Amino acid sequence: MGKPTGFLEYERRDGRTADPKERLGNFREFHGLLPEEEQRRQGGRCMDCGVPFCQFGGMLGGMASGCPLNNLVPEINDLVYRGGWEQAYVRLSKTHCLPEFTARVCPALCEAACTCGLHGAPVATKENERQVIEYAFSHGLVQAEAPLVRTGKTVAVVGSGPAGLAAALCLNRRGHTVTVYERSDRPGGLLRYGIPNMKLEKSVVDRRIRLMEESGVRFVCGADVGRGMPAGELLARYDRVLLAAGASRPRDIAVPGREAKGIFFAVDFLSQVTKALLDSDFEEPPYSMARGKRVLVIGGGDTGNDCVGTVLRLGAASVTQLEMMPKPPEERLPANPWPEWPRVLKTDYGQEEAAALFGQDPRLYQTTVSSFLAAKNGAVRAAVLTSLAPRQDEKTGRTLMQPVPGSEKQVPADLVLIAAGFLGCEPYLAEAFGLPLTARGNLDAPEGAYRTKNPRVFAAGDARRGQSLVVWAVREGRDAARAVDEDLMGYTNL
């Protein structure tokens, strides 16, 4: 594919990323694209490896390896190298209906499994994908896709995050009449309110929503199905219902002092910030939410990092981020061979910005909160931290993190953001449809069928599989749409 010796001749290059201190002055995306000619050379680094793990999309060592969407990565890279941008977009569209999102926020499982990355830098597949889709948009290749013929079948999709959007787009393309219900004031779900603007500008979300509306998809916002809107109403009005409402029930921290003011779930905090920005057309950032405050972020995943980047833009005086697990190694260990997902140290944009601003990485590893302390007015003023030590459970073999006696220390905190993960979908949604939940709090719908105990109700995305990546949500939405279509029509061509 591409140039047979390209991986030997061309070094990997990525688009310019704004300096951390420079980008802290706004909430805009800060990672740009390469000039087209240079991006073509990046496509030429694809090395005709013969076994493209990049598009495998399976599980190795308990983790995903390669693209869950099975994007035809070497073929797309080849077309990028040859300057066939339109053909590259057509090829990408065969497997991916929302590439503008994953090209910005996906951790690039394809690159982690790239053969070129075994002994050097992997092919810049993620940036190649972004260049392809942005070329397609700028050259009018991405158009509304109103079907020529309607099937007469109706489908309600609950949730407008990546799974809901992917399912709605595919089902509408097939000819079904699709209505998407979203409980927030704007469509987009996780893409709108769960991911900060500097990672995914909301104009990108709006661009896709407009195209879908022009194609015939109807969006109903402010509709909280299971609460404000009865589930029975959807079952009466639609032939099928697809639940793609995400896994939005946050994991709490049950420690003394939790009731203090100034302690928020990360997802609520990020949503409030984004809503304030959108309501003011980005003219009035909500600085009062964090300016001058000493911030403690509990959780080391993507959401925790997003909290760090957000509070820095809002003028936080300091930021500390807690990680329960030990600090990962900087290079792969023998027990984590390629092409498994590399369990190595990752420093994301928020941590980079904190280090640039304060001179050190904000993360404390093997640390948790044992209690919060409040001031006389009830507001949080400090947190008591406890060190943790790993211990292997003799029965299960799992590594457990145990408190270290006498390791407690106090740190000041005026604002605490809990980013400790999620416990599954909202129980009231399942109860409204009379559906059981799995032991992990997800909707019970087998993979492949995506059908719940109610034969007319399907489930997809985080609501079904639990908290995961945007790319997995798109995969689930796509596959669930296929299952719904086959159930409605007796066959499917999706």
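A residue counts as exposed when its relative accessible area is over 50%, and as buried when that value is under 20%. Anything in between is called partly exposed. Keep those cut-offs in mind. Also keep in mind that this is a predicted model.

Take Asp281. Is Asp281 buried or exposed? Its relative accessibility is 59%, so Asp281 counts as exposed. Where does it sit? Asp281 is in the loop between helix 13 and strand 8. Its backbone is worth a look too. Phi of Asp281 is near 55°, a positive value in a residue other than glycine.

Now Ala108. Here phi is near 65°, again positive and again not in a glycine. Ala108 belongs to the loop between helix 6 and helix 7. Is Ala108 buried or exposed? Ala108 has a relative accessible area of 8%, so it is buried.

Back to the loop between helix 13 and strand 8, for Lys293. Helix 13 spans 266–279, and strand 8 spans 294–298. Lys293 has a relative accessible area of 26%, so it falls in the partly exposed class. Which residues does Lys293 touch, leaving out those up to four places away in sequence? They are Ser288, Ala316, Ala317, Ser318, Asp414 and Leu415. Now compare with Asp239. Asp239 and Lys293 are 54 residues apart along the chain, and 51 Å separates their C-alpha atoms.

Next, aromatic rings. A pair of rings is described by two things: the distance of the centres and the angle of the planes. How many aromatic pairs does the structure hold? It holds 4. I'll show two.

Phe53 and Trp338 make an edge-to-face pair. Centre to centre, the rings are 5.2 Å apart, with 75° between the planes. Why does this pair tie together parts that are 285 residues apart in sequence? Because Phe53 is in the loop between helix 3 (36–43) and strand 1 (58–60), while Trp338 is in the loop between strand 9 (318–322) and helix 15 (349–358). Phe53 is partly exposed, at 25% relative accessible area. Trp338 is partly exposed as well, at 21%.

The next pair is Trp85 with Tyr135, and this one is stacked. The numbers are 5.8 Å centre to centre and 25° between the planes. Trp85 is in helix 5 (residues 85–93) and Tyr135 is in helix 8 (residues 125–138), so the pair ties together parts 50 residues apart in sequence. Both Trp85 and Tyr135 are buried.

One more point on Trp338. The peptide bond from Trp338 to Pro339 is cis, with omega near 5°. Pro339 is in the loop between strand 9 and helix 15.

Rings can also meet charges. Arg23 lies over the face of Phe30, 4.3 Å from the ring centre. Arg227 does likewise over Tyr428, at 3.8 Å.

On to the core. In soluble globular proteins, nonpolar side chains tend to be buried together. The largest nonpolar core here has 46 residues. Which of them touch the most other members? Leu98, Phe101, Leu165, Leu191 and Leu200. Several elements give two or more residues to this core, including helix 6 (99–105), strand 3 (154–158) and helix 18 (470–489). Helix 18 gives the largest share, 9 residues.

Zoom in on Leu191. Set aside neighbours within four places in sequence, and its contacts are Phe101, Gly161, Pro162, Leu165, Leu200, Lys202, Val205 and Val470. There is also a second, separate core of 26 residues, with Phe27, Val295, Leu314 and Val319 among them.

Helix 18 gives the largest share, 3 residues.

How many cavities of 30 Å³ or more are there? There are 3. The largest cavity has a volume of about 170 Å³. It is lined by 17 residues, and Cys67, Asn71, Cys110, Thr125 and Glu129 lie nearest its centre. Helix 4 (73–81), helix 7 and helix 8 each give two or more residues to the lining. The largest share, 3 residues, comes from helix 8.

How values were computed. Residues are numbered from 1 along each chain as its sequence is written. This is a predicted model: local features need pLDDT of at least 70, side-chain atom pairs count only at pLDDT 80 or more; totals for chains, interfaces and linings use all residues. Side-chain values use heavy atoms; hydrogens and water are left out. Rings of Phe, Tyr and Trp (its six-membered ring) pair if their centres lie within 6.5 Å; planes under 30 degrees apart count as stacked, over 60 as edge-to-face and the rest as tilted. Helices (H or I, at least four residues) and strands (E, at least two) are DSSP runs, numbered from the N terminus. Buried means under 20% relative accessible area, exposed over 50%, partly exposed in between (1.4 Å probe, protein chains only). A charge sits over a ring if NZ of Lys or CZ of Arg is within 6 Å of the ring centre and within 35 degrees of the ring normal. A nonpolar core is a set of buried Ala, Val, Leu, Ile, Met, Phe, Trp, Tyr and Cys residues joined through side-chain atoms within 4.5 Å. Contact means heavy atoms within 4.5 Å. On a 1 Å grid over the protein atoms alone, a cavity is a set of points where a 1.4 Å probe fits but cannot get out, and a pocket is an open set with protein on both sides within 12 Å along at least five of seven lines; lining residues have an atom within 4 Å of a point. Grid points are joined across faces, edges and corners, and a volume is the space filled by probe spheres set on the points.
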